[in-house]
Amino acid sequence: MELPADVKKKLTLPAEEHFYAGHTACQGCGASLGLRYVLKAYGNKTIFTIPACCSTIIAGPWPYSALNAPLFHTAFETTGAVISGIEAALKAKGYKVKGEDGIMVIGWAGDGGTADIGLQALSGFLERGHDGLYIMYDNEAYMNTGIQRSSSTPYGAWTTNTPGGKKHFVESRPKKKVIDIVIAHKPAYAATASVAYPEDFMRKLKKAKSIKGPSFIQLFAPCPTGWRAPTDKTIELARLAVQTAYFPLFEYENGKYKINMPSPNKEPKPLEEFIKLQGRFKYMTKEDIQVLQEWVLKEWEELKKKAEVFG
Amino acid sequence: MPKKVVSGNYAAAYAAKHARVEVVAAYPITPQTSIIEKIAEFIANGEVENLQYVSVESEHSAMAACIGASATGARTFTATSAQGLALMHEMLHWAAGARLPVVMVDVNRAMAPPWSVWDDQTDSLAQRDTGWLQFYAENNQEVYDGVLMAFKIGEHEKVNLPVMVIESAFILSHTYDIVDMPTQEEIDDFLPPRKPLYTLTDFDNPFSVGALGTPADYYEFRYKIEKAMENARKVIKEVGKEFGERFGRDYSQMIELYRTDDAEIVFMGMGSLMGTVKEAVDVLRSEGYKVGAAKVRWFRPFPKEELYELAKNVEGIAVLDRNFSFGQEGILFNEAKGVLYNTDANPVMKNYIVGLGGRDLTVNDVRVIAKNMKEIIEKKELDKEIEWYHLKR
């Protein structure tokens, strides 16, 4: 599609689309935005591997594909292993992997397929040093199967298997810090990103392509369906998650942490602004919100300390 | 033709090397480990070019990495055993469903508990419905030949399915024997580079593999796997014949018949135990028994026609199963009986469960079985259908 010149001028992202209309995501889906940005960043010389997750459906049933790139659908727990095999085969056959004109090998998996069932294969991929990128799009539950908790579900959140009743209180454990587990492997590059900050995400994607070794990006991708939030609030929620420091943006490279917040000198906004827009937090009392708020700030302080010491 | 004295495992590793595999992804498990160690040694010594070795963190990931590599167009190999094969089970379906001709050696080992590292076929036979072709080797030579043929058969344009080459734990895996190996030039001529059905590097025509199949289409995908299995029967025979013409060892028969021409009783089984059985046939023949052996080489696809041709000419078939399907009977027995049901072949069939978990089966054991079969045939009455032959009483 050719865009008018005045529109083009305002665009900070490539106008080229490799993620087609007609995909089957829900209204307001954060993950589908993420896929779109990945394809904008890399073009179609990429090989996608997608395990069981919303994106299996979003990409479309056989014989359709919403992605203008080769796509291998795989089993839930195998993303890290399949991209390892693809990368090995590309090298064996003499293809150029990564770099300016090389092939980009991407694993695109949800938080359940990454933080839970796929953690072992992710660990293997990172530890063996394959030249690929693993993107965990984090919508904080098993959305495709009907909103069940994953280990990336935050404290206080309702899900269909942490339902909130008279005796049993919603999710009682804090969100698993997958990025910390990833960094413990000392990967070439690791970062968090958000669909509310596409330029930052694109920059990180380009970085991942330019660096030798395994990269990992944890992309915050709100799910209005699962979060019981209005479908036009996706970007606002993703932005608030960053502004409240609930999901801070940062990068890890060569042992160094770098925080990249949109307004670095501002104090985090109160978490309540993020919480009150979502039905999944409706069981939380004032005290519960305080518990989550304290966890967020403690983690934030810890991250700032890391950036200070290992900056 | 160069000869080497090698273990079954080394025979498998040499065959993978001579097939010019491009990606090996594997996890170690006893008694498979020396296969992947030997391949690592080939790389370390610079004996192979362009071979990527991925030392994965589990068998499940081994098969997942293999399907990724195979989908990218590489000739792909792995090996496993027992618990490792069971862990791979999900991805075995994936390899067949995505029509990826991975070749894997499985070293038959008994499933735990109780822990056992010895021979038993239940691990591989439990994978029979995954869409993999299965070749059971009797000796180290057959391990080597089987791997070479497996690539040619699995990668054939009318097949495009993964193939499992199966050898016995320790009886073959760690026992040294003379293996004839053709020269690399001869093998290259027999097995040219793989021409994949599709590859993920086709960026000009991007497509997705393994997407959601709705009820409108899923059924046809399954049917196509079965069509490929049916095609494989012909391809197996052709490749087996070609192998014989080139290298002197003919594999055109899916069931190898041994002294069955005038046999009244035939012993049927798979894998290394058939070596003992053939030896026993010679002994029993000298004692006046009219016996023969039928070694089932290919369990998938199942050699239905060959079995019928054999069964219609014999009085009794003793099926020796080194495996068991609980609640029913030996797996080969079950399959063989099923094949013959709607035919006019009606030999007496008895199932002998033998050798589970590495229990030895001797020539004398086969003699005891022959006597029992003769008695049954003379009395025209089956004493029992399934006999746990070695059971301590």
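Q: Let me start with one residue: where is Pro113(B) found?

A: Happy to begin there. In this predicted model, Pro113(B) sits in the loop between strand E5 (103-108) and helix H5 (122-125) of chain B.

Q: Which peptide bond of chain A is cis, with omega near 5°?

A: That is the bond from Trp62(A) to Pro63(A). Pro63(A) belongs to the loop between helix H3 (54-58) and E2 of chain A. While you are checking backbone angles, visit Lys98(A) as well: its phi is positive, about 60°, although the residue is not a glycine. You will find Lys98(A) in the loop between helix H4 (79-92) and E3 of chain A.

Q: Now the interface. How much area do chain B and chain A bury between them?

A: The general idea first: the size of an interface is often given as the accessible area lost when the parts come together. Here chain B and chain A bury about 3100 Å², and 68% of that is on carbon and sulfur atoms. In residues, the contact takes 40 from chain B and 37 from chain A.

Q: How many salt bridges and polar contacts go with that?

A: Side chains of opposite charge can pair when their charged atoms come close. Between chain B and chain A the count is two salt bridges. One to display is Arg128(A) with Glu57(B), whose closest N and O atoms are 2.8 Å apart.

Q: Which elements of chain B give two or more residues to the side that touches chain A?

A: They are strand E3 (52-55), helix H3 (59-71), helix H4 (82-97) and strand E9 (208-209) of chain B. H3(B) gives the most, with eight residues. By class, this side of chain B has 22 nonpolar, 13 polar and five charged residues.

Q: To which strand of chain A is E9(B) joined?

A: Its partner is strand E2 (residues 71-73) of chain A; two bridges join the strands, which run parallel. To locate the pairing on screen, pick Leu71(A), whose bridge partner in E9(B) is Ser208(B).

Q: What is the strand order of the sheet that holds E9(B)?

A: Read across the open sheet of nine strands, the order is E8(A)-E7(A)-E5(A)-E6(A)-E4(A)-E3(A)-E1(A)-E2(A)-E9(B), with mixed pairing. Strand E8 (256-259) of chain A and E9 of chain B each have a single partner strand, so one side of each is left without a neighbour in the sheet.

Q: Which strands does helix H2 of chain A touch when it packs on this sheet?

A: Helix H2 (residues 30-42) of chain A touches strand E1 (46-50), strand E3 (104-110), strand E4 (133-138) and strand E6 (215-220) of chain A, and its direction makes about 175° with that of E3(A). Then look at helix H8 (residues 198-210) of chain A, which lies across E3, E4, strand E5 (189-194), E6 and strand E7 (250-253) of chain A at about 160° to E5(A).

Q: Which residue forms a salt bridge with Lys207(A)?

A: Glu253(A) does, with the closest N and O atoms 3.0 Å apart. This pair links distant parts of the chain: Glu253(A) is in strand E7 and Lys207(A) in helix H8 of chain A, 46 residues apart. Over all chains, the structure holds 55 salt bridges.

Q: What order do the strands take in the open sheet of six strands in chain B?

A: The order is E10-E12-E11-E14-E15-E16, again with mixed pairing. At the edges are strand E10 (255-258) and strand E16 (386-388) of chain B, each pairing on one side only. Neighbouring strands are turned by 20° against each other on average, direction ignored. Within the sheet, four bridges join strand E11 (residues 265-269) to strand E14 (residues 316-321) of chain B, and the two run parallel. Phe267(B) has Ala318(B) as its bridge partner in E14(B). Helix H9 (residues 273-286) of chain B lies across E10, E11, strand E12 (291-296) and E14 of chain B, at about 165° to E12(B).

Methods: Residues are numbered from 1 along each chain as its sequence is written. Chains are lettered from A and ligands numbered from 1 in the order in which they are written. This is a predicted model: local features need pLDDT of at least 70, side-chain atom pairs count only at pLDDT 80 or more; totals for chains, interfaces and linings use all residues. Side-chain values use heavy atoms; hydrogens and water are left out. Contact means heavy atoms within 4.5 Å. Buried area is the accessible area (1.4 Å probe) that two parts lose on being put together, summed over both. A salt bridge is a side-chain nitrogen of Lys or Arg within 4 Å of a carboxyl oxygen of Asp or Glu. Ala, Val, Leu, Ile, Met, Phe, Trp, Tyr, Cys and Pro count as nonpolar, Asp, Glu, Lys and Arg as charged, and the others, Gly among them, as polar. Two strands pair if DSSP finds at least two bridges between them. Axes are lines fitted to C-alpha atoms, for helices over the stretch in contact, and angles run from 0 to 180 degrees between N-to-C directions.
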